[in-house]
Amino acid sequence: MSRNTINSLGLLTLVLMVAALFMVFVYVPTEAVQGIVQRIFYFHVPCAWVAFAAFALVAISGIFYLWLGQQVWDDLGYAAAESGMVFCTLVLVTGSIWARPIWGAWWTWDSRLTTTLILWLLYCGYLMLRAMADDTPQVARFAAVVGIVAAADVPIIIVSVRLWRTIHPAVLVTRQGTHGLEDPRMVATLLVSMAAFTALFAWLLMLRFATLRTRTRLSLLARELGRTRAAVGDL
Amino acid sequence: MGAFAAILRKDLRLESRGGESTITLVALSLLILVVMVFALNPAGGAGDAGTAAGALWVALIFSGTIGATRVLTAESANGCLRALLLSPADRATLYCAKMVAAFIFMTVAEAAAVVIMVLFFNMDFDIRLARLAPVLALGALGFAALATLLAAISGRVRAGDLLLPLLAVPLFVPALIAGVKASGSALAGEPLSAFSEWLKILIAFDVLFLSAGYLLFEHVIGED
Amino acid sequence: MENLSYLFAAYTVIFAVIFLYVLFLWRRQARLDAELRSLEGGLRMVREELAEREASPSQASR
């Protein structure tokens, strides 16, 4: 991954992000029911999409790491988990800010909110493992296993949380129907924001991936230096 | 099969001589129920089925975390794990034996917790407890499957005993939701059919984590 | 329009978090690059020394 690729990806992100901001604040019409605060939606949903994609990437690179044993997959999984965590945090925070004026509460145990929170906690554990285990050589395998197990758990989480909420009395209005995108300009804005966030995610992922590759090279180099020093000592 | 039985027998014999884990787990379950009574101040009787079910599942998570840590750290403490890995028994067999041992410890602790719950929450020893039994058994099996896999990881990491609940509890959430709901229904006197949906989720969770543990255990255990 | 502050807060949070994360990444990369350079320098020096000693074995033999 050359620095040039990363930089051009950064430039693309910037262009798309400016376009998305323009569309969100100037181009798109204000939604009738929720008013101006509905514009959070255009950045909230792309954050959620990117966070879920990142966590899928963690599991996929975990599978490839266990299968092929190449360090690249471990670095990719780590990078995806960390940047996914950034976006997952943003989903929760912007969702909370949006829920306050619309639902009248910062937090509700709505099925989507709950699932996202549990996902956030899962990957919090994953990153804690990586932080605590950085001095053990097996950390890559441990993280791969946790990443795979966490992703495998997601369908059951979704089913159980949904069932839990339908049985519970619904205190607040559900989100369904409140943002039917009736205007084609809304769809266009959402699509551009999606593209902007996908590019942003790819850029952050590559940045983090590059640091991890450097770290891997560093540890190889340190080992080589140790060997060469030993060779000098032997002479 | 011989290796599986041998490892399991060894764990159980070790426990029957010292009995530290079981006593610790039972005492812990008692303490948790006492804490829950103080914290939630239930009136007692069937009206508190939901609270009692919640208390039981909190006890299950605590006893499971400690139980799974015990069955794996007892091995690595004196180098027995290395000997076990050198033996012809494959890693999946080792996983099954350890998982069953953790499950048995948890079941003992859960049985004690149920008796204590009946006393503290002023319930009756009747058919409701029989309906509760499969729910708790499925929950304990799922947690044992999950925690045995994760304890192999946390046992090799510094401050790993802090890490285990951090990893295990969010993963256990679907089973926790299903288990608390099903236990609440069972204790409120509802028939098994009333919470069959929840039982299905528990079974799906158990199948998922038993197969995940069986397949992935070889990647987390080992000395390399 | 009374909800404008919520809208503002949401977008501020998004860009603040992303900015901080990029800053954090950039600093970590800079630190690693510096470490890499010093290590490469060390390796080169050791190798040169090794080559020198091989070139003049009389001096190196102890």
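The model is a predicted one, in which local features need pLDDT of at least 70, side-chain atom pairs count only at pLDDT 80 or more, and totals for chains, interfaces and linings use all residues. Residues are numbered from 1 along each chain as its sequence is written, while chains are lettered from A and ligands numbered from 1 in the order in which they are written.

The contact between chains A and C involves 33 residues of chain A and 29 residues of chain C. On the chain C side, helix H1 (residues 4–55) supplies the largest share, 26 residues; helices (H or I, at least four residues) and strands (E, at least two) are DSSP runs, numbered from the N terminus. This side of chain C consists of 19 nonpolar, three polar and seven charged residues. Here Ala, Val, Leu, Ile, Met, Phe, Trp, Tyr, Cys and Pro count as nonpolar, Asp, Glu, Lys and Arg as charged, and the others, Gly among them, as polar.

Between chains A and B, 27 residues of chain A are in contact with 24 residues of chain B. On the side of chain A that touches chain B, the elements giving two or more residues are helix H4 (111–132) and helix H5 (139–167) of chain A. H5(A) gives the most, with 16 residues. By class, this side of chain A has 21 nonpolar, four polar and two charged residues. Chains B and C, in contrast, do not touch, and their nearest C-alpha atoms are 24 Å apart.

Chain A contains six helices and zero strands, in the order α-α-α-α-α-α from the N terminus. Its C-alpha atoms fill a box of roughly 80 × 45 × 25 Å along the principal axes. Of the 235 residues in chain A, 44% are buried, that is, have 20 or more other C-beta atoms within 10 Å of their own C-beta atom, placed from the backbone. Among contacts in chain A with a separation of 6 or more, 81% join residues 24 or more positions apart.

In chain B, helix H5 (residues 91–120) has 30 residues and should span 44 Å at 1.5 Å a residue; its end C-alpha atoms are 42 Å apart, which agrees. The expected span is 1.5 Å times one less than the number of residues. Because 21 of its 30 residues are buried, H5(B) is largely enclosed by the rest of the structure. H5(B) is followed by Asn122(B), which has a positive phi, near 55 degrees.

Notes: Buried ≥ 20, exposed ≤ 12 C-beta atoms within 10 Å, placed from the backbone. Contact = placed C-beta atoms within 7 Å.
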